[in-house]
Every structure is written in structure tokens, then in C-alpha cells.
Amino acid sequence: MRQWRFEVFNRASFPDVDGSRVLDEIKELGIESVEAVQSARVFLIEADPSGVLGGCFDNKFAERVAKDLLADPVCEEYYIGRSGAPAGLAKATLIEVHLKSGVTDPVAESVMAAIADMGITVSNVRTARKYILLGGISKSQSDTIAKKILANDCIEDVIIGSETEPPSPHLKPYELKIIHWPVCELDDEGLIALSKAKDLFLNLTEMQTIQKHYRELGREPTDVELESLAQTWSEHCVHKTLKSSVDMKINGEQIHFDNLLKETVFKATQELNKDWCISVFADNAGVIEFDEDTAICFKVETHNRPSALDPYGGAATGIGGVIRDPMGTGLGSRPIANTDIFCFGLPDKKLEEIPKGVLHPRRIMKGVVAGVRDYGNRMGIPTVNGAVYFDDRYLANPLVYCGNIGIMDKNKCFKHPQSGNLVIVVGGRTGRDGIHGATFSSGEITHEYETIFSHAVQIGNAITEKTMLDVLIQANEAGLYEAITDCGAGGLSSSVGEMGKDLGAEIDLEKVPLKYAGLNYAEIWISEAQERMVIAVKPENLKAIKKIFDDENVESTVIGKFTDDKKLILRYNGQQVAEMDMDFLHRGVPKYSRKAIWESQQLSEPSMEAMDDYGDVLLQILSCYNVASKEWVIRQYDHEVQGSSVVKPLTGVDNDGPSDGAVIRPRFDSDKGLAISCGMNPLYGDIDPYWMALAGIDEAVRNLMCVGGRFDRIALLDNFCWGNCTKPETFGALVRASQACYDGAIAFGTPFISGKDSLNNEFSCEDGTQISIPSTLLISAISVVDDINKCVTMDAKGVSNLLFVVGETKNELGGSHYYKIHGQIGANVPKVDLETAPKIAERMAEATAQGLIVSCHDCSEGGLAVALAEMAFAGGLGIEADLRGLPKSDDCQRVDTQLFSESTSRYIVEVEPEKYDAFGKLMLNLPFGQIGKVTDKKSLTIKAQDGKTVIDLDLDSMKQAWLKPLAW
Amino acid sequence: MAQIKAVVLRAAGINCDMETEYALEASGAKAERVHINRMIEDRKLLSQYQILVFPGGFSYGDDVAAGKILANQVIHHLAGAVQKFIDDGKLVLGICNGFQVLVKAGILPGNSSAKEQAVTITYNDSGKFEDRWTYLAPQTDRCVFIDPGQQIYLPIAHGEGKVVTTDEATLEKLRSDGHIAFKYVDKDGREGPYPVNPNGSMDSIAGLTDSTGRVLGLMPHPERHIRHTQHPHWSRLKDKKGGDGMTMFTNAVKYVKENF
């Protein structure tokens, strides 16, 4: 066997995109001595030169591979072998980045297949990247560059200036050795020590429960049995905190929940009992009716920890994972839209302020966006809605929420696995990647996690998932399987365990196809390797379904069968390695009781100096990262693939205004649409998480109403990301938010259909200080649109049209961006009036349905002034506004309060003069008032109650202030 | 011709096949999405169609370079079948990834005297994937897909869309032989820097056609603008006419109807 090395460089006359990016990032690090960076792609191909495996991989063939396949004939050149530093340049540093052994290398797989198309089968391909840094740099600087820019420790190895490359990863085959992890004789200390040593993240009560179980059985558990329990009982999989019983002291008053989730979020759904809810909190995603024949399912997940360690890979597998949820809901849906919401530390943070073990927020953000981009775009799913939020408390724990929506036949919304069905794993192969992901995501993160948990990072390959999706849709249409679920957290352990929990299953682990040799049976069972789904197939359908998979080169393997004895039997080469009781595995997790405390904080309103002109303040708020344009992110996502987009994330005359929500048209043969939105405001949670949650619900609803969603078909999703919930105060905040979810859902008539939580988002720094994220509740919402031709957008449309504000502006600057830019938080958090808010939303939906309005924008961060500015510059038209027309509460008399209060349930609506009467009639008895009109003046002017002009800005300066901060 | 048949070629990572199929159907063709494995198994399969579309997507994940692996497959397994298809007077359309495949397989610019591939499509100057809308000015009056002189508005969504040639002579030949199908322009029809030219293409090239005018490849997505509600600011427009991309499909169907 001979190894060939190929290097591919850009020709000098073509820009080296990767090299320039690296150079820019080196400058960002403050290293000025690097003058240029040249990048090269490296391919290491192992082939048999004698030609036993098909043709003969000789020098001539190597030239062909380089010329016809690896290098672009126009803009690249190649070198076979190892090229040295460019001649005459003494100050050159060579750095090579190789994937760690076992890390999925999709390019290598494609190259192997392509060489086979050329007629020769090679035995192995690896790829690497080579960088030549020109300029004088020290050893420590090259280390820093390698670590901070070029490579990720978790998945890549760096070789600086060396002439060698990593050895070929030929792993020894695994020889069966059954391992027991004895628990029966351990004392409490021993149980805890075992849980820690094996990264099980099981607490003492859980370990004691397991001990009792095995004492009753009269034997010791095997490693894989304990691993299964740890996965199945992890916070990530069973949400034990949210389902725990709670004793809560709320401002001194004691209340009790037997099961927090069931008595808040879920209870609202049960009480509302909507007949269009098909499957809620039961499957991988919540399912609602779309039209007579089809249903829609929606799921939002978080992938926070992996994204903190490996932003690109973590985010990519985050979106990859959540796509598999709708794919594994009912009998499988076809994904039609992605959503993504990120929370990061401030991107301009100084490098020396970053704690050890934490990546810079800018690097995290760039990596996360690139990860979602590359995976989502490759899947051919439009990313239509999202948000990016910045706060320094997300520095060590960035939040990455990824959502996916699928469409399915209404009669295929439920699975029916039966005993005797074959268990088939479809899609990607199993490797060591992502082992302990489920348990890892449930614990607290420290500065050492980077090294300890590098194996918890999963590596994704979107094309493997896409090809799997292509064939599963065909198999579903042909009705060839009885049940489907994804291999997510916990791997096969969770998917087979979950599907077979009322049946029983026997699995032969040696049959699971592996990426490489050497995995033991426990690793196979709990690996979280991506792009795998498990299906249950009747034996008589095996041939037909295999043909569908084989026809498009998708691997599928029978690994066992479902039984009827409620036992989980695992074997390796015929030897039993686990025998578990499904009931104990799935229902044995001890119930928790937790303490929670909520004390309303004693906060006060700051005294703000009144100003004559608020123009500068408005510009400052428009430039706040949270308010500023996210165009840099949005444009990197394909939001139009599938040809379904109706209201795009960017809108207006120059296609750059911020849409409130998105609308897609999922079926080619129908003008029915789907509106998608979200709501989130962690700043309000600093004052009171109850009002934060309600504001989030109101915002998500508003955003749907703004684009034309139906009011009576709104479904919500909750995603709680919280700090350490063993602290009663932190948990108390979560209970408050849950109570608000119940109250809000009931008031708006909007059931929650799915949810997820990510707790313990705290980071322990080296010096022992802890950084906890702010309590962060994301509300995602979807609604049906009856006729997409009636949808409206937020950009001002026509000169002389009238502008109205619907909804009351109150003295509610608490948690506002106006206070934020002044370094204040305040006390008067926006409070949703649960009587009026739903009425306003309903009437807004009616106004759109009747075609009475031409644009609509909600007031959120930055309040009325920001919303007016956005409408004006998105439409390229001026606005003259007069605060005398503003519907407001009696205590809302100050100009700054009127301009910047973030009171909820407010909409700015543009109405053509001839529709005025009809619109006014429809809004009767609601707080609404005419605030101004659209002009051709290219400026925004706002007059205060006393007639004085308090804002007078031209469109361009506002737009530039808004566009600039994140225009990277 | 009774029934015009169009085939949309699928492969691992292709993802614009359904909307492309729909656009063809809406133009009056009978369209089918067929996996490349079927075409390779049965080399005669292609001959039953009159329109072949290489749709958008990320064939094989854009591994090595966009479109490269699929182009390699076409070269080694389907070159003869595709060449015969073209020689028979039939139509080939490559959209986005499909355009990349046509160029990297040497099918476009096509019929030029150069033996070596002298045109390619590479990374955007911006260094990243971008989804944005572009105005396109036709540069030819002999490509059957294109209405001459009719400026259109279509979205691009790609990370590797920059059309480049090995040298000025090659570029001049593209111009003089009428291979340039579309250029990126602004609203008023003028060429300009980024973002008017969204990827840095030489001569603002957005699409190429071969010497027969029956093979067209372009980076923008006609199938994403076939109805007015796909226009990025349709809610501002009084005119509710169909989308600009539709003409390419209807022209293709019309051509087949008239010539077969």
C-alpha cells in the first residue's frame, strides 16, 4: 500500500478566500507581523500500486486524479508530494490541520467515490488543510493562531512546521470483553464516585434506586446497562426538573405542584383542548392540522454545550438533529422550514476578558452561523425565521436554538411498532462521536470541559442526512414501515428504547455498521453519531424497503427485532451483554421534589433627564446589537429553497427591512400558508420572569398577526434555557415563567404543542466565579394563513397613507433598550393585559383578512420610535408622526416614555385613506389612534404633545446606524 | 408533439428538484425527478425526454469543489448520453449547482475549440454563501430559454458562483462567440460592483449558453420566481403578474412543442 500526497493551491491570479479570511482573523487577534497567508487543500490517498483492487494507481493515474478531480483547472494548481516553503522566504511558518482519528471526513468519502468513478478503488482517503504564514512570528504566536483560528482541539490535530503527518488510522478490531460495574455492595460515597468516574451524571437517589433494583435482581449491572440508565434518565431525555414536584415560596406564600410541567404548560393545552391539535408533547415534535389532508409538525431544540466547544460542528449538528425530529414524528414528515435563535456574548469583548476554556463570542458567532448555514443549506430547507441576542452572560454558555417544521399526511401522524417488526438502522454509520452527549448536556460546564468532553462533540454530514431523507420519504409513501424515530441524544439506546418501551427488543450490536473498527458494545449502543434513524419494519416488507434504500446508496441494516416481553436484550456476537426491564428503564427514574423561591425584587425607576431632541438616542438604540440588522446572518441562509417563501426574513423596497415573521406556502397546489415567528426578551426576566414569559408569548403572537397569520390557529413551543436549577432562586424564576406560560396560553387560546429545556447553563471559571445565563425563555409560534395573497409586510408602502397605533403605550421602560443604553434596568417591566391583548391580536388578524391594512409592524425592543424608523427606511418613505394621537395610559406623559416604552400588544398599522372608515369601525372599543402619515420626505419626524419636534432624522442615517454594527 | 417530457436529475445533495419539477409541470411539460443511478443503470433512459435539467443543490456536499463530484460522475458515466441528447437537438438547463456541474463537466460553454476546461466557477469574492435578488440582463438573442432584451429579477443562493476564465482571450471568446447568456446588472440595467455583481464574476457573468443556444446554465434560480408572491417585495407591487423565472420554462416547452 502506498500513500500519495496531493496539495492543491490557488493560482496566484485568483484570490485565496480561505487564506484571506485567516489573515483577517490573525489581524483581529492583534498579531500584526503576519504579512500574508497562503492556504492549500491536502489529500492523502492510500492505494495499492500493484492494481489488485481494480486499475493501477500509478504516477500517471495520480496525475489524472490531481488534474481532473482534485484541482480546478482554471484557478488552482497542484503538487504531488510535499511542497516546501516558498523559495526565498525565510520567515514562513507551515501549519497543517488534520482531522483527529475517527472524525467523519465527508470530503474524503466523496473523493473515494469519485476515484471509483474514474475506475480505481482506493483503500483510504484523508484530507487536511495547510497554511503557509509569511512574516516573523514567534512559536507562541503560531500556537495561538493554530488554536484560536485554524483548528479546533476537539476534532482536529495541528502540526506546526513538521515534515510528518498523523499516522494512518488503522484501528484494531474489538474483542468482546463483558464488563460489569458493580453497585450492589457500594455505600453512598461509592455510588457517587462511580457515577462521577463513569460520567454518568446520576445523582445519589438515582444511584440508590439502581442499586436497589440490581440487589433485587441479585446481580451486578453491566457497563452498558448503567450507561443505558444514565442516558434514559438524563435531564436531556426525561426533563426531570420540569416534571418534578415543587414546593415554592412566592413572596412568602407557599404553593405546591405535583408535576410542574403537567400543571402549567401542558395543562393549558389540555384545557384548551383544540380539535386541530393532533399530537402534543408525545412525539418528537408537536403536530397540528394544516388543511384537510395535511398536518404540520414543529420542534425547537437547543445545542448549547457542543456549540460552546465547537461552534461550527455543534451548531451544524444542532440543526441536523432537530431536522430529524420532524423526520421522526409520526411516520415521518418532510422538512419545510428551519428557524434559528442564538444568544451570544457581546462580539466586541476584549480578548483578555474571555475566561479560560471559553472561545471569543465573535468566533462562536461566526462558527455557529457557518454551521447552521452549511447544514441547513445543504439539506435544502429554507431558514426563514430567527433572532440573535447579545448579553455578556452568554459568554461561556452561548445558546443555539434550532427549529424545524415538517409537513405530513394527516393519516400518518402516529406510529405503530409491533412485536415481530425488524429494527433497522438507516443512514450514517456509528462511530465514537458524541458519546455521552445527553449526559454532558445536563451538567454544569467548567473551564476544563474542553478537554474532558471533547468526545461529546458530534460531527455532522448533511448530505448523509439528505440522502436518508430522500429515501425515507419514498419508503413512507410506499407504506413500508410501521414506526420511525431519530437517533438523537443517547443514540440507539434512546431510539430503540423509546420505540420498544411498550414492547421489548432484542438487538445484536455487532450488526450495527461502524465507521471504523474498535468500538465496544457499550460505545455502539450509546454513540450519538449523527444522521441515523431507526425504523420498525414488517419482515415481509424488508425486501421492498431495502431496494428503495439501496437504489440511492443509503445504508440500512437489520440490527434486531421488537418483541413482546417488555425486556431489552442486547447481544454482541450472540453473547448477552444486557437484559433490562423496559418498565424500570423508562419509568423507574425516581421522582424529584424541588424547592423554589421567588421574591419580587425591590427595584426602582431611574430618573432620566428630559431632552429636547431624542434623535441621537434613537440612533444609539438602532445600533444596539440586539436591535441592529441581522442581514449578515440572514443572507448566509438560503431562505428561498423549495420555492415556498411568501414573507421573507428581509423585506421592503431594498429587500433589507426586518420582517416580523415569516410566511411560507408549503404546498404548490394551495394558497394556504404557514406563518412562523418567535418572541424572547431575557432583559425583562431580570425584573420578573413571569412578565418576561408573557411578553415573549405576546411578541410571538404579534409577529404572526403582523404578517397575516390566523388568530384562532396559533400553536406555541416553549424552550427554557436556565441557570443551575438546584438553586431555589433560579428554579423559582423558572416556575414563575411556567406559570406565565399557562396564563398566556389560556388567555390567547394558544396551546403549547412541544417544548424542551436546557438547564444548568452555568460556567465555573478557573478562579471559582460562576457565570450564569439570564433566564431565557424562547417562545416559537406558528399559525395557518388562509390566503397568502393577503399577507402584509412591515415596510411603509404609500405616500399619504395613514398610520395608526393599536394598543396602549404605558409607563413601562423597565428592561427597555432605552434604559439599557443608559446602563439602567428600571422596575416597570412591560405587563401584558391578558384581557385586551388577545382582543387586539384577533382584531388585527381580522383587519388583514379583510384587506384593510397595507403594512403592519409590532413595537418591541426600542419601542415606538424604533418601529417607526424601521417602517420608514424599509419602505424608503418618510413618516411624520405626532405623539398627540398615541393611545397611552395616564402615567405615560413623558416624551421619552412614549417614544421608547416597550409596552406589549402594540402594532403600527398603515391604512390607505379610503379604508379608514372600515378600519376605524373594526378597531372600535380598542385602544387605537392615528399617529401620523407616510410622506415622500425621506425622513422621520416625531412631534411631542406640545407640538415640538423631538426626532427629525433622515432615512439614510437611521438605516446606516441600524445596518452597520453587524455588517461584518 | 403530444407530451413533452422533462427530466430533473437527482443525486446525493440535490435539493431544488421538487420546485424545478413543479415549474416544468406548470409550463405544460410532464416532468419527472430521476436519480442519477437510474440513468447510469440504463443509459437509454435519457433519450425518452426532451428537456434535461440539472437542478440546484449541493451535489455531494460541494466536496472538493461545487458540482465537481457530480460532474466527474457525468463525465465517466453519462458523457455519451448527454452529448447525444444535445446532438439530437434537445434542451439542457443547469441551475446553480446544475450550472456548476455543466461547466465542470465541460458541457458549457461547449463546442469551443479549447481542449482544456478554460472556464470555471469558484468561490464568491465575499467568501461566503449569500442569498440575494439580482437583476439579469440577457446578452444573447439565440438562446431558446431566454426572451432577448427582457431584463429579469431572480434570486441567487450560492457560495461558489464566480465565473472565471483562465485568461482574457478565453473571456473574449465567450463574448465574441455569444456564450454569455446573462449578466448581473442593477435595476436600471447597468453593471456594477458588489452587490450588483454578487460574486465577483468576470464581466458580471451570471449564465452561459453553448453555441447551439439549447444548453443554458445560470447561477440564479428561475424556479424560485414563478409566481408573484415569490418576489421579495411583492406586497409593495400593484402588478400581480407571474414571476420572471417562468419564461425560461415556458420557452423551453414551447421550443420542444415547435421542433419535435
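Start by selecting Trp233(A), which counts as buried because its relative accessibility is 0% (buried means under 20% relative accessible area, exposed over 50%, partly exposed in between, using a 1.4 Å probe and protein chains only). You will find Trp233(A) in the loop between α7 (223–232) and α8 (235–238) of chain A; helices (H or I, at least four residues) and strands (E, at least two) are DSSP runs, numbered from the N terminus.

A word on what is on your screen: this is a predicted model, where local features need pLDDT of at least 70, side-chain atom pairs count only at pLDDT 80 or more, and totals for chains, interfaces and linings use all residues. Residues are numbered from 1 along each chain as its sequence is written, chains are lettered from A and ligands numbered from 1 in the order in which they are written, and side-chain values use heavy atoms, with hydrogens and water left out.

Now show what surrounds Trp233(A). Leaving aside neighbours within four places in sequence, its contacts (heavy atoms within 4.5 Å) include Leu202(A), Ile210(A), Val238(A), Phe584(A) and Pro590(A). Leu585(A) is 352 residues away along the chain, yet its C-alpha atom is 8.0 Å from that of Trp233(A).

**Charged pairs in chain A**

Next, select Lys212(A) and Glu216(A), whose side chains form a salt bridge at 3.3 Å, N to O. The term stands for a side-chain nitrogen of Lys or Arg within 4 Å of a carboxyl oxygen of Asp or Glu. Both residues sit in helix α6 (residues 204–217) of chain A, four residues apart, about one turn of the helix, and both are exposed.

Move on to Lys349(A) and Glu353(A), another salt bridge, at 3.6 Å from N to O. Here Lys349(A) is buried, with a relative accessible area of 18%, whereas Glu353(A) is partly exposed at 41%.

Then pick Asp654(A) and Lys959(A), bridged with their closest N and O atoms 3.2 Å apart. Asp654(A) is in the loop between β25 (650–651) and β26 (657–658) of chain A and Lys959(A) is in helix α31 (residues 955–963) of chain A, so the pair ties together parts 305 residues apart in sequence. Asp654(A) is partly exposed at 47%, while Lys959(A) is buried at 10%.

**Where chains A and B meet**

Colour by chain and look at the contact, which takes 69 residues from chain A and 61 residues from chain B. About 5100 Å² is buried between them, with carbon and sulfur atoms giving 51%; this is the accessible area (1.4 Å probe) that two parts lose on being put together, summed over both. Six salt bridges join the two chains. For one of them, select Arg236(B) and Asp795(A), where the closest N and O atoms are 2.5 Å apart. For a network of salt bridges, select Lys466(A), Asp470(A), Glu552(A), Arg10(B), Asp17(B), Glu21(B) and Arg33(B).

**Into chain B**

Finish at strand β3 (residues 51–54) of chain B, covered on both faces: Ile51(B) and Val53(B) are buried on one side, Leu52(B) and Phe54(B) on the other. β3(B) pairs in the parallel sense with strand β1 (residues 5–10) of chain B over three bridges (two strands pair if DSSP finds at least two bridges between them). β3(B) also pairs in the parallel sense with strand β4 (residues 91–95) of chain B, over four bridges. Centre on Val53(B): Val8(B) stands opposite, and in β4(B) its bridge partner is Leu93(B).
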